[in-house]
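Thanks for coming. I'll keep this short, so please look at the structure on the screen before I start.

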Amino acid sequence: MDATTLPQLSYCGEKIDTSAAHFGTLRISSEALDDRQELWRRMSADGYLYLPGYLDRDQVLEARHAVLERLHQSGLLDDRFDPAEGIGRPGRTLSFMPTVTRDNPALDRVLYAGAMMEFYEFFLGGPVRHFDYTWFRAKSPGINTPTQPHCDIVYMGRGTQQLFTSWTPLSDIPHEMGGLMVLERSHQIEKLVQTYGQTDVDAYCENEGGRPREIVERARAEMRELKEEENREIRWNSTGAYGADALEVQAQLGGRWLSAEYRMGDLLGFCMHLMHASSDNRTDRIRLSSDSRYQLASEAVDERWIGEDPPSHGIRAKRGMIC
């Protein structure tokens, strides 16, 4: 599908330029699945590996049904339709919903067993562990819930840097549903890696007064002002996102946004420094997807995402520093 056949895409209601100079399709790496060296070469060059149909579609469908049943029981789906359609209740806006992943065996089979773990064990060359926390997004139709441009490293950089995200669609996601977009070769922008990529959203100044949340926001604001003074084109906000506007971020950093028409069973894996976002969901259905993380079991792990009750970004995750 090229720019002449793409539907109109948008970010927060603003049109995305889908011309060949600004928008492209993810490179497929299925033919390299048996070649570990080539997979690493592509990860280094592109920052991602896109593997359509790699996962068992029937298992993904079971996970989708399990998630939709929980949304239905919570009163978040429109009762006029079959829950399997994934149509949200009018007036309810959904986005980040990690609660649907808890004690969910069907989803765990997709993310933490079978083909997924086999892939990372082959790719990483040894026993693998995953984070215990699973990120899940149920994106309602509209222009209010696209994912802001960000790199994952700022949220989970306390362990190994050889950590990888799997973005797994639990819907068939045509372009107009707002699938994941990655900013082409953004992981190779050294200035970005050395400024924004060095931040930790849960760090705070322990030698100043105030509650941790307030200190975090103030410390990050001060850090942002300093970085902008040194290098004004590099800036980010206190949520950890690099910016609130995917179009502006593209204009600042260059490169094309890359995406695809995803189907259940597809796997998109990427590195911690790859800038990514999503576009608006312009359909009438909820877009379902999960983010899960994988690393060698022998390497240091970020404690915020491990255990039966991971600290996440709560008070237990805050880390003091002398400012």
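A cavity here is a set of grid points where a 1.4 Å probe fits but cannot get out, and its volume is the space filled by probe spheres set on those points. What you see is a predicted model.

How many cavities of 30 Å³ or more does the structure hold? There are 4. The largest cavity has about 60 Å³ of space. Its lining includes R137, H150, D152, W167 and F270. By class, that lining counts 5 charged, 4 polar and 3 nonpolar residues. Which strand gives the most to the lining? That is strand 13, with 3 residues. Strand 7 also supplies at least two.

Buried in helix 1 are E38, L39, R42, M43 and D46. These residues cover an arc of only 140° around the axis, so they sit on the same side of helix 1. In general, an α-helix has 3.6 residues a turn, so residues three or four places apart point the same way. The buried residues of helix 1 pack against strand 4, helix 4, strand 7 and strand 11. After helix 1 comes G47, with a positive phi near 85°.

Last, the cysteines. A search of the whole structure finds 0 disulfides. For C151, the nearest cysteine sulfur belongs to C271 and is 8.1 Å away, while a disulfide needs the two sulfur atoms within 2.5 Å. Is C151 buried or exposed? C151 is buried, at 1% relative accessible area. C12, at 38%, is partly exposed.

That's my part done.

Key. Residues numbered from 1 in each chain as written. Predicted model: local features only at pLDDT ≥ 70, side-chain atom pairs only at ≥ 80, totals over all residues. Heavy atoms only, no water. Buried < 20%, exposed > 50% of the residue type's maximum accessible area, 1.4 Å probe, protein only. Helix = DSSP H or I, 4+ residues; strand = E, 2+ residues; numbered from the N terminus. Arc of directions from axis to C-beta. Contact = heavy atoms within 4.5 Å. 1 Å grid on protein atoms, 1.4 Å probe; cavity = no way out; pocket = protein on both sides within 12 Å on 5 of 7 lines; lining within 4 Å. Nonpolar A, V, L, I, M, F, W, Y, C, P; charged D, E, K, R; others polar.
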